[in-house]
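Dear colleague,

Please find the structure below, handed over for your own analysis. My findings follow it, and I would be grateful if you would read them with the coordinates open.

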Amino acid sequence: MHLIGNILDEQLQDNGERNAGRVDGIVLELRDGRPPRVAYVEVSPITLLSRFSRRFARWYARRIDRKLDGRGVPFRIPWSRIERRGPGLRLDFDATSTPIYALENWLRQHIVRRVPGA
Amino acid sequence: MMVQIHEVHVERMLSQRVRDADGHVLGRLEEMRVEIVDGEHCVVEFHVGAGAMIERVASFVRQLPFFRGVPGARSAIRIPWQLLDLSDPNNLRVSATRRELRELQRKDRA
Amino acid sequence: MKRAFELTLGIVTSVGGFLEIGSITTAAQAGAGYGYQLAWSVVLGTLCVAFLVEMSGRFAAVSKHTIPDAMRERFGVNFFAVPLIVMFLVSLLTLGAELGGAAAALNLATGRALPIWAIPVAFTAWLVLWRSTFSFIENGVSFLGLVTIAFAVGAVKSHPHYGELARGLVPSLPHTRPSHYWFVAVSVIGASISPYLYYFYSSGAIEEKWDESYIAMNRVIAGLGMSFGGFLSVAVLVLAAIVFHPSGTDVQHYQQLPQLLSHVFHTPGAWLVIGSLFIACIGATLEITLALAYLIAQGLGWNWGEDLKPHADARFSLAYTLIIAVAALFVLFGVDPLQLTQIAMALTSASLPIGVLPFLILMNDRDYLGEHTNGRIGNAVVMSISVMAAVLAVVSIPLELVGS
């Protein structure tokens with residue numbers, strides 16, 4: 001398995017086959033005398049932005065943190081909760097109650113629901 | 001604090017220059033190979049080359065008529081995990097020289 | 001039996017959906033300015049788009065990936081951002097032109113000022129997207145789009161000089177206004193090969209759950225559908241060559257467009273042009289808006305799908321809402337739809353390789369397509385036409401701006 005070719009930027013789906021974002025970042029854990037362990041996958045606009053500009057990503061994280069308490073850090077998924085299945089990656093939990101779906105849920109409740117006929 | 005030192009981000013190391021023990025640039029980090037070691041997914045090998053993007057474009061261009069002579073990218077240098085120092089993602093260093101790495105690869109293939 | 005129906009439907013929708021403000025006005029400008037001489041540019045553009053549409057259908061059917069999806073996966077987000085942003089901006093201009101075209105049709109029909117129609121047109125298009133399903137949009141709108149066949153009937157009835165038309169199919173050097181000639185040529189090519197078209201097509205193939213058994217059908221749909229569509233563009237060019245070219249009139253205002261058919265069908269002809277313009281532009285508005293929303297949703301891994309209800313993909317639904325609202329601003333602020341179209345089409349040509357090259361790389365990737373990767377001919381045709389169009393565009397756009 002290759003981290004860049006097979007995992008980074010890959011589509012994630014949750015246990016209900018809902019699209020759950022893409023792998024925006026991968027975190028390795030370094031240990032003395034042992035190979036680096038694949039520890040987490042990050043799904044977050046902060047991580048995504050940091051791939052273009054670290055400064056902009058930090059600014060965005062600060063803003064988000066001020067508005068939504070505790071959301072100024074990227075959402076991490078432990079590697080053990082991810083399974084490679086078929087062409088994509090599968091999470092073993094429901095993503096709709098995680099930060100991955102925070103924007104979706106907020107928009108649905110505050111905007112879409114108020115549009116008549118939705 | 002300790003935790004942060006022991007973590008590195010794959011996406012930040014991607015496409016960074018990698019230098020050998022003599023300080024020569026070997027190329028850019030373009031891939032990491034993962035295998036299961038002691039029941040855990042671990043990075044066992046780093047691939048350094050011209051850059052994944054350049055290789056993809058070159059291999060496509062070579063398929064077009066009149067462009068078959070475009071040189072293919074040299075095969076990536078494979079670096080065992082023990083030899084790459086990841087402590088500073090902005091300054092990736094291999095603890096071997098280019099020649100030693102080529103030697104290692106030749107032995108691997110044999 | 002089901003396949004025969006799907007095949008017919010596919011061809012009909014490609015034909016009905018081919019003409020839009022870009023292809024109508026650029027073909028009319030080509031015919032008005034140079035008679036039949038620029039017919040080759042329609043052929044070249046159509047040939048290229050037929051290949052691209054076939055490829056994107058095959059890609060979706062075999063790999064089950066849409067193009068933006070695979071681009072981010074394959075090239076990483078940093079590289080993916082370049083074609084994403086370029087195509088997004090160019091398509092947004094095109095979307096503004098389409099909304100402008102629909103508003104122009106209403107202006108011609110009612111005599112009320114163009115900007116007044118910005119909000120009603122944008123709202124109507126948005127309502128269709130909000131309430132209906134993918135197949136309704138694709139089939140319903142394209143069936144209405146068959147009214148554009150009126151251009152073909154009109155062209156035949158005006159007895160064009162077929163020998164001269166045949167000579168126009170071979171590229172030749174201009175006798176007058178050379179820089180304008182090449183500018184119009186690249187606009188025509190850009191109008192045929194709009195990238196949103198094949199991006200939209202691949203998302204459609206995924207929404208309709210195509211698999212490898214659709215490869216042959218996809219080939220026929222792309223080939224026949226696009227050829228018939230290109231035939232309609234040629235018909236517009238022929239009509240303009242007959243109506244405007246002899247008197248040396250350029251097409252500079254959309255108010256001139258109804259004359260294309262009124263000289264054969266009289267008053268009903270003018271109404272046919274107005275109706276065609278409205279339907280074609282609304283259809284293209286829906287397609288471009290969806291294509292752009294797909295681009296964002298697939299690039300970021302959101303839930304997406306026109307068949308889902310808005311509350312099941314709130315981000316996707318609000319993305320297209322926002323896109324359509326922004327594009328409507330062009331009309332609201334009174335930007336001339338014809339000028340906007342010209343700029344959008346020339347920029348489309350100039351940016352073609354940015355969208356096409358990564359796509360071709362994917363089309364040659366065995367990880368996605370297995371044994372169904374591109375042949376040499378497809379690679380060569382698409383690559384050479386798009387690079388040539390881009391080079392011509394980069395050279396002729398500044399000359400055109402200086403000249404006017």
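Predicted model: local features only at pLDDT ≥ 70, side-chain atom pairs only at ≥ 80, totals over all residues.

**The interface between chain C and chain A**

Contact between these two chains involves 26 residues of chain C and 27 residues of chain A. Together they bury about 2,100 Å², of which 53% lies on carbon and sulfur atoms. Of the area that chain C buries against chain A, 27% is supplied by Arg72(C), Glu73(C) and Arg315(C), more than by any other three residues.

A salt bridge joins Asp69(C) to Arg22(A), with 2.1 Å between the closest N and O atoms.

As to secondary structure, four helices of chain C each supply at least two residues of the side that touches chain A: H4 (67-110), H5 (118-131), H12 (259-300) and H13 (314-332). H4(C) gives the largest share, with 8 residues. By residue class, the side of chain C that touches chain A divides into 11 nonpolar, 8 polar and 7 charged residues.

**Arg72(C)**

Arg72(C), one of the three residues named above for their share of the buried area, is placed in helix H4 of chain C. Its relative accessible area is 0%, so Arg72(C) is buried. Within chain C, the side chain of Arg72(C) reaches the backbone oxygen of Gly299(C) at 2.8 Å. Leaving aside residues up to four places away in sequence, Arg72(C) touches residues of both chains: Asp9(A), Arg22(A), Val23(A), Asp24(A), Leu48(A) and Arg51(A) from chain A, and Val77(C), Phe80(C), Gly299(C) and Leu300(C) from chain C.

**Aromatic side chains**

Over all chains, the structure holds 16 aromatic pairs. In the pair Phe123(C) and Trp126(C), the ring centres are 5.6 Å apart and the planes stand at 35°, so the pair counts as tilted. Both residues lie in helix H5 of chain C, 3 residues apart, or about one turn of the helix. Phe123(C) is partly exposed at 46% relative accessibility, whereas Trp126(C) is buried at 12%.

An edge-to-face pair is formed by Tyr201(C) and Trp210(C), with 6.0 Å from centre to centre and 90° between the planes. Tyr201(C) is buried, at 14% relative accessibility, and Trp210(C) is buried as well, at 8%.

Ring pairs also build a cluster, which links Phe123(C), Trp126(C), Trp130(C), Tyr294(C), Trp304(C), Phe316(C) and Tyr320(C).

**Chain A**

Chain A contains 4 helices and 7 strands, arranged along the sequence in the pattern α-β-β-β-β-α-α-β-β-β-α. Its C-alpha trace spans about 60 × 35 × 20 Å along the principal axes. Of its 118 residues, 47% count as buried. Among the contacts in chain A with a separation of 6 or more, 47% are between residues 24 or more positions apart.

With kind regards

Terms used: Residues numbered from 1 in each chain as written. Chains lettered and ligands numbered in written order. Heavy atoms only, no water. Contact = heavy atoms within 4.5 Å. Buried area = accessible area lost by both parts, 1.4 Å probe. Salt bridge = Lys/Arg side-chain N within 4 Å of Asp/Glu carboxyl O. Nonpolar A, V, L, I, M, F, W, Y, C, P; charged D, E, K, R; others polar. Phe/Tyr/Trp six-rings, centres within 6.5 Å; stacked < 30°, edge-to-face > 60°. Buried < 20%, exposed > 50% of the residue type's maximum accessible area, 1.4 Å probe, protein only. Polar contact = N/O pair within 3.5 Å; in protein donor to acceptor, adjacent residues only side chain to side chain.
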